[in-house]
Amino acid sequence: IHMTWEQVYSRNPNPNNFAPMPGLNVVSPTWFHLIDGEGSLENRADASYVEWAHKNGIQVWALFSNSFEPDTTSEALSTYDRRMNMARQLISFAQLYKLDGINVDFENMHLKDGPNLTQFIRELAPLLHEAGLTLSMDVTFISTNEMWSMFYDRKSLGQVVDYMMVMAYDEHWASSPKAGSVASLPWVESGVKRIIHEANVPPSKIVLGVPFYTRVWTETIVDGKTKVSSAAVGMDKVKEIIREKKLTPVFDEASGQNYVEYTENGALKKIWIEDETSIRARIDIIER
């Protein structure tokens with residue numbers, strides 16, 4: 001599986017403007033979103049996008065999100081009828097748009113609703129499989145954060161889904177009090193091992209999420225204390241910064257990534273770089 005998500009905010013992109021993407025075999029456009037506690041879905045799907053994908057040998061596993069709204073999610077998962085309402089809409093959309101699969105992306109949930117999420121996936125799986133569709137699901141690494149991680153029953157989910165996408169990023173998140181890598185290599189490897197060995201998810205089902213972004217961290221001293229802020233940037237932007245400021249990246253053993261720092265307007269800037277070095281290292285984790 002070599003896949004990417006297509007972030008669709010309102011309007012779908014024109015695929016005719018895409019550059020060639022050799023090796024890509026699955027795309028997951030963010031098309032279906034939970035909008036109320038009854039289980040109604042917003043639909044942003046585009047038949048012409050599916051047609052483009054299939055012509056290029058790419059499967060479409062449309063993403064279904066809970067809009068990251070914990071209370072609405074709680075209501076929608078609370079009864080069999082509401083869960084089936086979501087499932088029936090997904091099946092209907094999949095048939096209407098000739099989809100190849102569904103990617104479930106439920107995040108920011110109350111811990112108490114975890115069992116209902118697992119039950120929804122158990123109920124959804126046979127319906128999708130009967131329709132010839134692939135079921136994949138996005139999960140975070142195992143942690144003690146209730147609304148980020150603990151509501152996922154990865155062991156039970158791993159028995160039901162065809163693929164489990166591990167969102168192996170945001171080790172240091174946007175508002176992190178400490179500057180650091182978005183996904184250092186030791187953190188990624190440790191997290192993958194825990195999902196395999198603690199949750200017993202078969203390695204053949206795991207798809208490793210790879211960040212194509214990093215953060216430019218800014219550290220300033222305010223009243224004797226270090227104040228930290230960050231901005232997310234893509235790989236090309238980092239190349240631009242390095243070129244413009246004539247920086248020389250150094251390899252950081254602790255993160256397994258190249259790193260630069262520089263001063264701007266009296267503030268210290270730090271970047272843990274996503275580049276060929278870090279991507280090759282992530283591929284090495286996959287192979288091992």
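**Aromatic pairs and a buried valine**

A search of the whole structure finds 13 aromatic pairs, where rings of Phe, Tyr and Trp (its six-membered ring) pair if their centres lie within 6.5 Å, planes under 30 degrees apart being stacked, over 60 edge-to-face and the rest tilted. This is a predicted model, in which local features need pLDDT of at least 70 and side-chain atom pairs pLDDT 80 or more, while totals for chains, interfaces and linings use all residues. Residues are numbered from 1 along each chain as its sequence is written, and side-chain values use heavy atoms, without hydrogens or water.

Take W31 and Y49: with ring centres 5.6 Å apart and planes at 75 degrees, the pair is edge-to-face. W31 belongs to strand 2 (residues 26–34) and Y49 to helix 1 (residues 47–55), so the pair ties together parts 18 residues apart in sequence; helices (H or I, at least four residues) and strands (E, at least two) are DSSP runs, numbered from the N terminus. Both residues are buried, that is, under 20% relative accessible area, with exposed over 50% and partly exposed in between (1.4 Å probe, protein chains only). Ring pairs also link F18, W31, Y49 and W52 into a cluster.

Now to the valine. V166 sits in strand 7 (residues 163–166) and, at 1% relative accessibility, is buried. Leaving aside residues up to four places away in sequence, V166 touches V139, F141, I195, I206, V207, L208 and G209, a contact being heavy atoms within 4.5 Å.
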